[in-house]
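Hi,

Here is the structure I promised to pass on. Have a look at it first, then read my notes below.

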Amino acid sequence: LRSGGFSFIELTISIGIFAMLTAMLTFGYGSLNSRVNVDTLAHNIGQWVREAQISSMGVKRDSTGNFPPGYGLHFSTQSATDRAQFIYFHDTNNNKLYDAGEAESNSPVTLLQGYTVSQICGEPGGATLCGVAGQTNLAFADITFARPEPDAVITGPSGTYSPVRVIVSSPKGINRAVVVYATGQVSIQAAP
């Protein structure tokens with residue numbers, strides 16, 4: 001008969017099981033944290049799109065009876081710096097494109113460290129999904145809103161697009177798509 005306590009073998013097996021479970025939870029936490037961060041980032045970008053729409057709709061006519069130009073967001077994948085940020089702008093010349101000097105004081109908006117706008121895609125005049133034949137990978141996309149219309153004007157290098165998919169990626173390769181339609185609707189979707 002044995003008195004209470006653990007044998008050396010039982011203790012070693014228990015510590016091994018505990019170490020293995022700890023390692024699995026630690027690895028799983030990193031993936032979960034990355035997934036939560038990329039989801040939050042995609043939803044925040046969706047809120048910025050909505051903010052541009054609300055800001056453009058909330059302005060009053062100027063003294064000449066005209067509505068002032070609108071607001072928008074500029075996304076670009078042309079450089080590493082561009083992929084790590086986006087620009088919220090006031091479309092002062094009403095050309096539906098971001099021009100130097102139009103950024104609002106709280107812009108550019110920097111993404112979380114290591115998170116990027118990895119891809120922008122759209123198809124002129126129709127719906128598209130990234131990774132599907134017929135899509136166009138865009139170097140940039142400007143999403144603008146101007147009163148009195150709540151609709152978005154989505155402009156890229158070769159004209160207008162609807163919808164546009166802005167793919168945001170985590171350092172671990174987890175992706176989400178912020179889809180903006182010409183109607184002003186914003187949708188957050190899983191992305192390959």
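Val 153 in strand β7 is the bridge partner of Thr 144. This is a predicted model, where local features need pLDDT of at least 70, side-chain atom pairs count only at pLDDT 80 or more, and totals for chains, interfaces and linings use all residues. Residues are numbered from 1 along each chain as its sequence is written, and side-chain values use heavy atoms, with hydrogens and water left out.

Back to the strands (DSSP E runs of at least two residues, numbered from the N terminus). β6 (residues 140–145) pairs with β7 in the antiparallel sense, over four bridges; to count as a pair, two strands need at least two bridges found by DSSP. Six residues sit between β6 and β7 in their hairpin.

On to β8 (residues 159–160): β7 and β8 run antiparallel and are joined by two bridges. In one of them, Thr 155 has Thr 160 in β8 as its bridge partner. The hairpin from β7 to β8 goes through two residues.

So is β7 enclosed or open? Strand β7 (residues 152–156) is largely enclosed by the rest of the structure, because four of its five residues are buried. Buried means under 20% relative accessible area, with exposed over 50% and partly exposed in between (1.4 Å probe, protein chains only).

Zooming out, the protein chain has two helices (DSSP H or I runs of at least four residues) and eleven strands. Their order from the N terminus is α-β-α-β-β-β-β-β-β-β-β-β-β. Of the 192 residues in the protein chain, 36% are buried.

Cheers
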